[in-house]
Amino acid sequence: QRIGEALEEKERNSQASEKQDVEELIEEVQEARIIKLLHQPSKVIDMEYELRALRAQIWEKSVFSVKLKKELAIRKRDEENKFRLYILEGSENLGSYLQLKPCSDKAPQLPNCSIQWYRLSSEGSWKEVISGANKSIYAPEPFDVGRILQAEIVSNGQKLTVTTSGPIDPAAGLGSYVETLLRKSNTEFNVVISQMNGQDHASHSVHVFHVGKMRIKLSRGWITKARENYSSSMQLCGGRGDINNSAKALFWQARKGLSYVLTFESERDRNAAVMLARKYAFDCNVMLAGPDDQV
């Protein structure tokens with residue numbers, strides 16, 4: 001009798017255990033089906049498309065917002081210019097140039113004025129003089145991107161300032177162009193020597209400006225004009241002062257006592273050469289900038 005009762009109890013326990021196992025198995029199968037549905041390729045692709053659409057909308061709204069801010073700044077500047085003697089003409093971006101223009105008959109003639117250009121932080125917390133930039137035209141260089149430019153005009157003891165409506169914008173496509181050039185060990189640019197040691201250069205023959213990882217070289221055919229390793233005495237920046245085609249011009253002090261103003265074939269090449277040389281110089285623990293630049 002005891003054996004029979006034990007067998008019956010064992011059978012009951014076995015049935016309950018089997019039922020519990022079946023229920024757990026059903027739950028696992030249902031959970032697996034839910035996971036599978038959530039990870040179906042079609043649903044993932046739909047989610048990716050939705051994310052792309054949202055990103056595109058955010059980007060469009062961001063661009064539109066920036067455009068509106070610029071238009072407001074221009075309108076505000078136009079209102080202010082009604083009472084000003086000078087204005088800045090030109091696109092406020094890398095690859096262009098800015099020019100001071102009188103907007104009133106009462107404005108003193110610019111050749112009779114003292115002019116100095118400055119860099120300002122986007123918040124206006126600091127101000128830096130751009131050494132040598134003392135003419136009515138100034139072409140922004142890579143250091144100016146993201147910064148506000150200001151021209152100070154002094155005439156008969158009266159000081160006036162004209163400021164860009166916002167920070168200088170980067171040049172479209174320049175970053176990817178420089179990234180492509182960085183894959184090479186040496187990049188060559190065709191240039192013309194406009195000035196040498198501050199004096200106009202009579203010859204307009206084409207030279208080659210080599211920007212390498214360790215040095216910069218200027219040559220014409222087999223003749224090397226200058227070849228110098230990156231050092232603290234070297235200076236390089238966009239063209240400043242009384243220079244034609246200032247947006248294409250570059251100032252290069254190879255060493256003390258030897259400097260050139262070089263004119264490139266395009267604004268993009270000039271700015272790419274500046275960015276490349278500064279990157280390679282930085283890798284050599286050298287900060288490459290213009291005269292008296294605070295870097």
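**Strands, cores and cysteines**

Modeller: β1, β2 and β5 form an open sheet of 3 strands in the order β1-β2-β5, with antiparallel pairing. Strands (E, at least two residues) and helices (H or I, at least four) are DSSP runs, numbered from the N terminus, and two strands pair if DSSP finds at least two bridges between them. This is a predicted model, where local features need pLDDT of at least 70 and side-chain atom pairs count only at pLDDT 80 or more, while totals for chains, interfaces and linings use all residues. Residues are numbered from 1 along each chain as its sequence is written, and side-chain values use heavy atoms, with hydrogens and water left out.

Biologist: Which strands stand at the edges of that sheet?

Modeller: β1 (86-89) and β5 (137-138) do; each has a single partner strand, so one side of each is left without a neighbour in the sheet.

Biologist: How many bridges join β2 to β5?

Modeller: Strand β2 (residues 98-102) is joined to β5 by 2 bridges, and the two run antiparallel. L98 has Y138 as its bridge partner in β5.

Biologist: Next, β10. What does β10 pair with?

Modeller: β8 and β10 pair in the antiparallel sense over 7 bridges, with V192 opposite V206 in β10. β10 is also joined to β11 by 4 bridges, again antiparallel, and V211 stands opposite I216 in β11. A hairpin of 2 residues links β10 to β11.

Biologist: How many residues of β10 are buried?

Modeller: 5 of the 7 are buried, so β10 is largely enclosed by the rest of the structure. Buried means under 20% relative accessible area, exposed means over 50%, and partly exposed is in between (1.4 Å probe, protein chains only).

Biologist: New topic. How many residues are in the largest nonpolar core?

Modeller: That core has 32 residues, and F189, F209, Y230, L236, L250, W252 and L262 have the most contacts inside it. A nonpolar core is a set of buried Ala, Val, Leu, Ile, Met, Phe, Trp, Tyr and Cys residues joined through side-chain atoms within 4.5 Å. The elements giving two or more residues to this core include α3 (174-181), β8 (186-196), β10 (206-212) and α4 (267-283). α4 provides the largest share, 7 residues.

Biologist: What does W252 touch?

Modeller: Leaving out residues up to four places away in sequence, W252 touches several residues, among them F209, I216, L236 and Y260. Contact means heavy atoms within 4.5 Å.

Biologist: And S246, where is that?

Modeller: S246 is in the loop between β13 (235-238) and β14. With a relative accessibility of 7%, S246 counts as buried. Its contacts, not counting residues up to four places away in sequence, are Y97, I137, A139, G239 and R270.

Biologist: How many disulfides does a search of the whole structure find?

Modeller: It finds 0, where a disulfide is a pair of cysteine sulfur atoms within 2.5 Å.

Biologist: Last one: which residues does the UniProt domain annotation cover?

Modeller: The unreviewed UniProt entry has "domain: Stomatal closure-related actin-binding protein PH" over residues 186-293. UniProt positions are given in the numbering used here, feature names are shortened, and annotations may be inferred rather than shown by experiment. Over residues 186-293 the chain is 16% helix and 47% strand, with the end C-alpha atoms 26 Å apart.
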